[in-house]
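Thanks for coming. I will talk about charged side chains today, and I will keep it short.

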Amino acid sequence: MKEELKKLENFATEIRYHTLTTLNHLGFGHYGGSLSIVEVLAALYGEILDVTVQNFSSTERDYFVLSKGHAGPALYSTLYLKGFFDHDFLWSLNTNGTRLPSHPDRNLTPGVDMTTGSLGQGVSAATGIAYGQKIKHSPHLTYTIVGDGELNEGQCWEAAQFAAHQQLSNLILFVDDNKKQLDGTTDEICKTFDFAEKFRAFGWETVRVDGSDIAAIIGAVEELKASSSPQPKCIVLDTVKGHGVPFLEEMASNHHLRLTSELEERLEQAAEEVRQGLEG
């Protein structure tokens with residue numbers, strides 16, 4: 001078990017490294033919210049999801065929707081590491097004519113199940129996928145990641161109510177509770193209160209875990225999958241925006257960065273430190 005966990009932690013480090021280097025190569029992008037979901041992506045694509053290059057065209061598998069589509073760079077790095085495309089494809093992020101836009105597009109990018117970017121809509125799409133799976137009596141699950149700022153959108157809560165009413169126990173939603181959004185902290189913009197309590201009030205089976213702890217994330221998923229409750233499932237991830245890069249974690253506004261020469265140098269050094277950690 002320790003060996004498997006170490007592999008998953010290394011996988012997370014690889015995702016973080018390639019997310020940083022890809023954004024550094026581009027010169028701008030969504031650093032903070034990409035880095036805060038690295039560990040949950042490592043858990044999903046390293047252990048939980050039954051999604052591979054070989055079975056992606058099949059409907060008989062799990063589905064994943066990145067509702068907070070601005071974190072696409074982290075998902076793209078994950079898909080690259082899983083063999084969905086090569087490194088040149090990865091480094092085409094957000095360039096003219098790319099098939100790798102800043103937000104996921106299922107019609108352009110291999111490995112993407114749902115186009116997202118307009119916040120709130122991915123949660124609804126994931127709910128619809130899970131509903132379809134239930135109608136077909138599929139044994140597979142749908143997973144989605146929603147941002148804490150994204151939950152300002154009323155559409156998210158309409159989907160949450162529908163999922164509870166339809167008893168979509170095959171839907172597992174992760175809340176990336178990194179406590180910041182585009183214009184400031186979530187408490188400053190629109191106080192969130194306790195997401196775990198809110199989802200429970202909406203009829204969801206809910207747990208809260210440390211979003212940087214891969215073992216805890218996997219344990220929470222296993223616990224909820226084993227539950228006999230017909231309720232949809234929610235895992236609130238206690239995360240830090242910009243996680244894994246100390247100076248980014250402390251930066252007040254780290255949602256989207258356009259690199260100055262000084263910031264570029266610091267981020268290149270951060271990527272190198274992540275790479276050295278991987279080698280170690």
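**Charged side chains**

The count here comes to 10 salt bridges. Please keep in mind that this is a predicted model. As background, side chains of opposite charge can pair when their charged atoms come close.

I start with Asp176, which forms a salt bridge with Lys68; their closest N and O atoms are 2.6 Å apart. Asp176 sits in strand 4, and Lys68 in the loop between strand 2 and helix 4, so this pair ties together parts that are 108 residues apart in sequence. Both Asp176 and Lys68 are buried.

Next, Lys233 and Glu205 meet in a salt bridge, at 2.6 Å from N to O. Lys233 belongs to strand 8 and Glu205 to strand 7, and the two are 28 residues apart. Lys233 is buried, and Glu205 is buried as well.

There is also a network: Asp177, Asp194 and Arg208 are joined by salt bridges that share partners. Within it, the side chains of Asp194 and Arg208 meet at 3.6 Å, N to O. Asp194 is partly exposed, at 29% relative accessibility, and Arg208 is partly exposed at 38%.

Last, the surface. Glu262, Glu264, Glu265 and Glu268 gather there in a patch of negative charge. Of these, Glu264 lies in helix 12 and is partly exposed, with a relative accessible area of 32%.

Conventions. Residues are numbered from 1 along each chain as its sequence is written. This is a predicted model: local features need pLDDT of at least 70, side-chain atom pairs count only at pLDDT 80 or more; totals for chains, interfaces and linings use all residues. Side-chain values use heavy atoms; hydrogens and water are left out. Patches are made of residues with over 30% relative accessible area and no salt bridge: like charges are joined within 9 Å, nonpolar side chains (Val, Leu, Ile, Met, Phe, Trp, Tyr) within 5 Å. Accessible areas come from the Shrake-Rupley method with a 1.4 Å probe; for residues, only the protein chains shown count as cover. A salt bridge is a side-chain nitrogen of Lys or Arg within 4 Å of a carboxyl oxygen of Asp or Glu. Lys and Arg count as positive and Asp and Glu as negative; His and the chain ends are not counted. The place of a charge is taken as NZ of Lys, CZ of Arg, CG of Asp or CD of Glu. Helices (H or I, at least four residues) and strands (E, at least two) are DSSP runs, numbered from the N terminus. Buried means under 20% relative accessible area, exposed over 50%, partly exposed in between (1.4 Å probe, protein chains only).
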